[in-house]
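Please walk through this protein with me, one element at a time. Keep the structure open as you read.

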Amino acid sequence: TGYYVPFDKWPEDLKGYYTYDVAGAEKLLDEAGYPRGADGIRFKTNLVWLDRGDFDLNWAELAASYLREIGIHVDIEHVGGAEFGTRAKDGDTGAFSWASGVRAFPPRQMEAFWSGYSWNIGVRDAQYDAWYEAMLAATTDEEQRIAIEKMDMYSIEQHWLIWGALAPAFNVHQPWVIGYNGEFAMGHLQALTFFARLWIDQELKEAMGH
């Protein structure tokens, strides 16, 4: 809260692009030069899905179904992490299951479109980069918040991504693992550091028959 512009405060014309509107989407595609063919298909593309086991495939299928509804035929490709990373960087793929709605540390989120980010999806924008560098140089929370709000709104206006809904995620652990509260990471690329803060209640484990 405070780092982004709520949807109800967006300009009305921008809201339309982020509202479920089949007729409006059909009109945009027609105007862009992608009419439906005799088979009802405008064009075909693929959606590369990172098959890690903890991402819900239903999300990809839902996204593909929305696109098929407006004449875009989508094939879902399941790939592992190494192939996903390679193909994401070479830019020779139709679409990626790259981002969805998330709740994360705001400065970390802003990195996605910065031209210096190794996993940048191809965005090279001087205005965005300037705001990002201002965010890094900020000496107060307020300065940082203002820069982040500008970057967030700007990325929305540029339509660099088709954002999905907030995707639910869950972690499962045994009750005898003490000190774990569902963390995924403790910082940027620190996905394993929290293991050093956990311990096993051996008495509880034994009492539960393990």
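What follows is a short tour of selected helices, loops and side chains. The model is a predicted one.

Start with helix 6. This helix runs over residues 126-137 and has 12 residues. From its first C-alpha to its last, helix 6 reaches 16 Å. That is close to the 16 Å expected at 1.5 Å a residue.

Which residues of helix 6 are buried? They are Tyr128, Asp129, Tyr132 and Met135. Look down the axis of helix 6: the buried residues fall within an arc of 120°, so they line one face of the helix. An α-helix has 3.6 residues a turn, so residues three or four places apart point the same way. On the other side of helix 6, Ala126 and Ala137 are exposed. What covers the buried residues of helix 6? The cover includes helix 5 (106-110) and helix 7 (141-158).

Now look at the start of helix 6. Here a side-chain oxygen of aspartate 125 comes to within 3.1 Å of the backbone nitrogen of glutamine 127.

Step back to the loop between helix 5 and helix 6, where phenylalanine 113 lies. Is phenylalanine 113 buried or exposed? Its relative accessibility is 6%, so phenylalanine 113 counts as buried; the cut-off for buried is under 20%. Leaving out residues up to four places away in sequence, phenylalanine 113 touches Asn120, Ile121, Val123, Tyr128, Asp129, Ser155, Trp160, Leu161 and Trp163. Two of the names in that list, Tyr128 and Asp129, are also among the buried residues of helix 6.

Next come the rings. The structure holds 13 aromatic pairs. One of them joins phenylalanine 113 and tyrosine 128, edge-to-face, at 5.9 Å centre to centre with 80° between the planes. This pair links distant parts of the chain: phenylalanine 113 sits in the loop between helix 5 and helix 6, tyrosine 128 in helix 6, and they are 15 residues apart. Tyrosine 128 has 1% relative accessibility, so it counts as buried.

Glutamate 111 is placed in the loop between helix 5 and helix 6. With 13% relative accessibility, glutamate 111 counts as buried. Its side chain makes a polar contact with the side chain of arginine 108, at 2.9 Å.

Move on to another glutamate. Glutamate 26 is found in helix 2 (residues 22-31). Its relative accessible area is 16%, so glutamate 26 is buried. What does glutamate 26 touch, not counting residues up to four places away in sequence? Its contacts are Arg36, Arg42, Glu69 and Ile70. Glycine 85 is 59 residues from glutamate 26 in sequence and 32 Å from it in space, C-alpha to C-alpha.

Helix 3 covers residues 57-69. Its 13 residues should span 18 Å at 1.5 Å a residue; the end C-alpha atoms are 19 Å apart, which agrees. Just after helix 3, glycine 71 takes a positive phi of about 90°.

A positive phi turns up again at histidine 159. There the value is about 60°, although histidine 159 is not a glycine. Where is histidine 159? Its place is in the loop between helix 7 and strand 4 (177-178). Histidine 159 has a relative accessible area of 36%, so it is partly exposed.

Lysine 15 lies over the face of phenylalanine 7, at 5.7 Å from the ring centre.

Technical notes. Residues are numbered from 1 along each chain as its sequence is written. This is a predicted model: local features need pLDDT of at least 70, side-chain atom pairs count only at pLDDT 80 or more; totals for chains, interfaces and linings use all residues. Side-chain values use heavy atoms; hydrogens and water are left out. Helices (H or I, at least four residues) and strands (E, at least two) are DSSP runs, numbered from the N terminus. The expected span of a helix is 1.5 Å times one less than its number of residues. Buried means under 20% relative accessible area, exposed over 50%, partly exposed in between (1.4 Å probe, protein chains only). The arc is that of the directions from the helix axis to the C-beta atoms. Contact means heavy atoms within 4.5 Å. A polar contact is a pair of N or O atoms within 3.5 Å; within protein, one must be able to donate a hydrogen and the other to accept it, and residues adjacent in sequence count only if both atoms are side-chain atoms. Rings of Phe, Tyr and Trp (its six-membered ring) pair if their centres lie within 6.5 Å; planes under 30 degrees apart count as stacked, over 60 as edge-to-face and the rest as tilted. A charge sits over a ring if NZ of Lys or CZ of Arg is within 6 Å of the ring centre and within 35 degrees of the ring normal.
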